[in-house]
Amino acid sequence: MGTISAAFSLMSQALDADQSALNTVANNVANANTVGYTEETPTWRENAPIIVNGVAYGTGVSETGPTSVRDSVLTERLDQQQQLASASSTRLTSLNSIQALFTPDTGAAKTTAGDIGDDLTNFFSSFTSLEANPTDSALRQQVLSTGAILSGDVSDAAQSLNTQRSALDQEAAGVTSQVNSLTSAIAQLNTQIESTSPNADAGTLEDQRQQDLSQLSQLVGINQITTGSNGLAVTTTSGQLLVSEGQSIPVTTGTSGGMTHFFIGTTDVTSDLASGGGELGGYLTARDTDVPTVLASLDQLAYSVSTNVNALNNAGTDQAGDTGDSGYIFAQPTQVAGSAAAMTVVMTNPNNIAAASAGQGTGDNSNAIAMANLVSQKFVNNMTPTDFYSNLVTTLGATVSGVQTENTAQNASVTQLQTQNNALSAVNLNDEASNMTTLERSYQAASQVFTMLNSILQSALNLGQSTTVS
Amino acid sequence: MRVDPNYVTNLVGALDSTQANEQQLTSELSSGVRVNTLSQDPVAAGENVLLLSQIHQDDSFTQSASLVTGGLQVADSALGSVVSQLTSAISLATSANNGTLSPADVKSVGNQISGILTEVQSLANTNYQGQYIFAGGQSSTSPFTTSSATTPATTTYHGDSDVNYLVAPGGQKIQLNVPGNQIFTGSGTNNVFAALNNLVADYSSGTVNTNQAVTDTNALGTALGYVTQQRVVVDNSINQLGAVGDAMTSAQTQLVGAQTNLMQADVAQVSTQLSLSETQQTALEDVIAQLNNSSNSLFSKIQA
């Protein structure tokens, strides 16, 4: 048989439970703007009934603490999408600074890498001018000065690209310390979570671990594997272990070929990290693919132009009548790599330009015609120099535009997943207001029942008299 | 259904991208250039390189053409003078050959023809901007000298047979010079200097071997015809330069038009886009302001 005192105890538990639930609501409202906070809901549990003479009597309610509203599949997808988006956005930033070098030429005279196409035409056209009067020293000087503008623009562009490449290298190396501090934080949290909450969501600790994972996945491409006792293993996308439950394995760096390489243990994971995603993936793709592609094209252009012009000039007859040893206009490159950065005009005396063919008088212009004709000859990777440069510009533009589109799509996808995740896990103040009102009413009701019980017990104690206990 | 309580953040993101779009459109309007970076239109950027290259090649050819036209005109007028000098030499020789002149007069004709020889030689040694224009590739040395060690005197050519061309971007080759040996010292009866030297020798003594003198006079006539033919080559080059130059100029106009169409901003279109973007921005700002005004939560409705 239930008793009034049992009902008292039951109601006081209900009041406790309501207070505890109100505490959870208050905590939600307080953390409404906390990054990484996951909304918590009170967990209500009906107390086990007591059975007296075969009759079950309810014993009220308990509030067993808040539970985080979390969808781990959704957060993991968000992390994966974020690592793709941050890789492409990092790559895009560096591609944008590459393409800034090659601003489309408006035809106005200036000297930037974007004018290399123009510089090429002007250089070869200076030989067309020389056809008109092969012995004119002003026209000869023009060949050297247009050559200097061409080589200046090419080597400036190549040097800027090299500078960008080392900047990217430093940025990439800088990411590792952030990665290592995050992985060690995750390992510590793993240990705490495994000891405090091996079988259930770890609430605030879990929020912190999730926040760290989210930051880590923006830096580097990762996979997450849940282990026993609510622990977590983190690997790179190619499978190298970064965190194994309570232990973190640091990423170390070393220099190889002038560039920073990345190691986990003794394994060189540089190329895996480049394709893995995250900021580090973006930096490494830009450093090891995008910049070298443009640089290699410039090198090829500089190499072909320098060697072909030099060979023709050296074989002709210069103003002094020297045949076959007129010398080189550009510094003669020995290999394709590095040709662009080293491109420069080495000829100082315009009379060494060989406008005449071998064996002809100095008034002959057929060698100048041959050099002017180079502009329409396919001697750079089976393309004319202008076509080759145009192709370089189009390819670079298309790459940037492609990465831009990719980045926009990935960001949209991140936003969508973020919205889904927020809909589930973010603090919704309307919900909190309604929960609070409900809990307030429930608390008031419990208080009211308590008062009624008090009054009933008073009547029972006074045995109908209303004076003894009031 | 639960929604993302932070949707205002997304609206602000949309506002940011609208503003970025406006910035891009404004920069197109202010610079007049549609393609400011390669990624905006990679194909147009590549095509722009090719168009500018053609425009500048045409431009450079037009400039070279005007440089060489001067030299060709000097050559043409020199050859014109040569023709008139030779014509007067022939009429002098004809008057000496008819047997009516006294020996003194015949000598005087010989002296006059000798003077014409000197004049023609100096025309053949014409120098334009420091270059001997009838010397072939050996343009730094005077091409013709006459030695009177023999009788008749001998005029020697020191140049070569080298012909220079100006090559147009389309590949047309325009001849820039006619070597002196082709004009003045051709083979057989086409040799101007041999004919003149022979006539000078014919009249030097005052007595005329009429048969020899008539043969030599006829030879000079043939040589004159040959010089006139070579002058046509020069005239043709001048005409060709003019024609190719005109073609280049009109091609250049077309190319500049194409390049402008490709790269320049369409002001009407950009302005329309800008206006649309501004409308969108205003709408977004109004929505955000409205959301801020209306109490964004039930909390404001709860009475304590």
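Visitor: Is Phe450(A) buried, partly exposed or exposed?

Guide: This is a predicted model. In it, Phe450(A) is partly exposed, with a relative accessible area of 31%.

Visitor: And which aromatic pair does Phe450(A) form?

Guide: Phe450(A) pairs with Phe8(A) in an edge-to-face arrangement, at 4.8 Å centre to centre and with 70° between the planes. Phe8(A) belongs to helix α1 (residues 4-30) of chain A and Phe450(A) to helix α11 (residues 429-462) of chain A, so the pair ties together parts that are 442 residues apart in sequence. Phe8(A) is buried, at a relative accessible area of 15%.

Visitor: Turning to chain B, how are the rings of Phe184(B) and Phe193(B) arranged?

Guide: They form a tilted pair, 5.7 Å centre to centre with 45° between the planes. Phe184(B) is buried at 0% relative accessible area, and Phe193(B) counts as buried at 1%.

Visitor: Which cluster do those two rings belong to?

Guide: Ring pairs join Phe184(B) and Phe193(B) with Phe134(B), Phe144(B) and Tyr157(B) in a cluster.

Visitor: What lies over the face of Tyr165(B)?

Guide: Lys173(B) does, at 4.6 Å from the ring centre.

Visitor: A change of topic: where is Gln281(B), and what does it touch?

Guide: Gln281(B) sits in helix α7 (residues 267-293) of chain B. Leaving aside residues up to four places away in sequence, Gln281(B) touches Leu15(B), Thr18(B), Gln19(B) and Glu22(B).

Visitor: Why does Gln281(B) count as buried?

Guide: Because its relative accessible area is 12%, and buried means under 20%.

Key
Residues are numbered from 1 along each chain as its sequence is written. Chains are lettered from A and ligands numbered from 1 in the order in which they are written. This is a predicted model: local features need pLDDT of at least 70, side-chain atom pairs count only at pLDDT 80 or more; totals for chains, interfaces and linings use all residues. Side-chain values use heavy atoms; hydrogens and water are left out. Helices (H or I, at least four residues) and strands (E, at least two) are DSSP runs, numbered from the N terminus. Buried means under 20% relative accessible area, exposed over 50%, partly exposed in between (1.4 Å probe, protein chains only). Contact means heavy atoms within 4.5 Å. Rings of Phe, Tyr and Trp (its six-membered ring) pair if their centres lie within 6.5 Å; planes under 30 degrees apart count as stacked, over 60 as edge-to-face and the rest as tilted. A charge sits over a ring if NZ of Lys or CZ of Arg is within 6 Å of the ring centre and within 35 degrees of the ring normal.
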